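This report covers side-chain contacts in a predicted model.

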Amino acid sequence: MELHIAKDIQQLSENLAAFISQKIQDVLQQQEIFTFVLSGGSTPKSLYALLAKEPYINMIPWARVHFFWGDERAVPFEDARNNARMAFDVLLDKTDTPPENIHVMRTDIEPEAAAAEYEKILHRYFDGKTNTFDLVLLGMGDDGHTLSLFPGLPIVHEKKAWVKAFFLKAQDMYRITLTAPVTNLASSVVFMATGAGKALTLQGVINGAPDPDRYPSQLIRPENGELHWFVDEAAAEALQV
């Protein structure tokens, strides 16, 4: 695990934009496409905005990048809570990425059907390969969740399926999510975590004993890849490093 500490979210986003751009360019020297899982929530918005501007908008060969999502709320695309909509508004609509390279988790069909369809897409890309995604971008909630892997829920213990849908009572909605097994087959996983409100949780995730029912983010440990944490000073305050 590599820890990258920045002064604030702006510096963190700048550092991570440079990291992602370089990663994409390096990988594309070895293969034809780059598979990139986007995160939802508010934390990556500033990162996406940077990637959509100079110098990255022209440095990254967007036509060779294939986009996926880590999880999705089962709300219409037009809903402001929809993770895909945020990514389109801030990043994707500003690039020349071909539409066929963008794989949203559908919310216009039943959640279980959407999860099954998404899993089929992933198997078409990755069956027979050692690793799945080239880069997975993740956030961490104040409660230690990542993706839609929430503390104490059965989804935390999923061992086989790559994509699952379930009803989250606390939010009164269905969620569609990648699982730990498919994420841990990625070549590179990057967490973003910012703010003092996450400091104690981050300490528990990184320094604490394994307890994925309490801290599902601990589940994400790539089997044959890199794990990076990009955090700001406020989130890192309680870390023992």
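Lys23 has a relative accessible area of 15%, so Lys23 counts as buried. Its salt-bridge partner is Glu226, with 2.9 Å between the closest N and O atoms. Lys23 belongs to helix 1 (residues 9-27) and Glu226 to strand 9 (residues 226-232), so the contact ties together parts 203 residues apart in sequence. Glu226 is partly exposed, at 33% relative accessibility.

## Other salt bridges

The structure has six salt bridges. In one of them, the side chains of Arg175 and Asp71 meet at 3.0 Å, N to O. Arg175 is in strand 7 (residues 173-178) and Asp71 in strand 4 (residues 71-73), so this pair ties together parts that are 104 residues apart in sequence. Both Arg175 and Asp71 are buried.

Arg81 and Asp79 also form a salt bridge, their closest N and O atoms lying 2.8 Å apart. Arg81 is partly exposed, with 44% relative accessibility.

## Aromatic pairs

With ring centres required to lie within 6.5 Å, the count is 13 aromatic pairs. Phe34 and Phe36 make an edge-to-face pair, 6.3 Å centre to centre with 80° between the planes. Phe34 and Phe36 are both buried. Together with Trp62 and Phe67, Phe34 and Phe36 form one aromatic cluster.

Tyr125 and Phe126 form a tilted pair, at 5.8 Å centre to centre and 45° between the planes. Tyr125 is buried, at 17% relative accessible area, and Phe126 is buried at 4%.

Key. Residues are numbered from 1 along each chain as its sequence is written. This is a predicted model: local features need pLDDT of at least 70, side-chain atom pairs count only at pLDDT 80 or more; totals for chains, interfaces and linings use all residues. Side-chain values use heavy atoms; hydrogens and water are left out. Rings of Phe, Tyr and Trp (its six-membered ring) pair if their centres lie within 6.5 Å; planes under 30 degrees apart count as stacked, over 60 as edge-to-face and the rest as tilted. Buried means under 20% relative accessible area, exposed over 50%, partly exposed in between (1.4 Å probe, protein chains only). A salt bridge is a side-chain nitrogen of Lys or Arg within 4 Å of a carboxyl oxygen of Asp or Glu. Helices (H or I, at least four residues) and strands (E, at least two) are DSSP runs, numbered from the N terminus.
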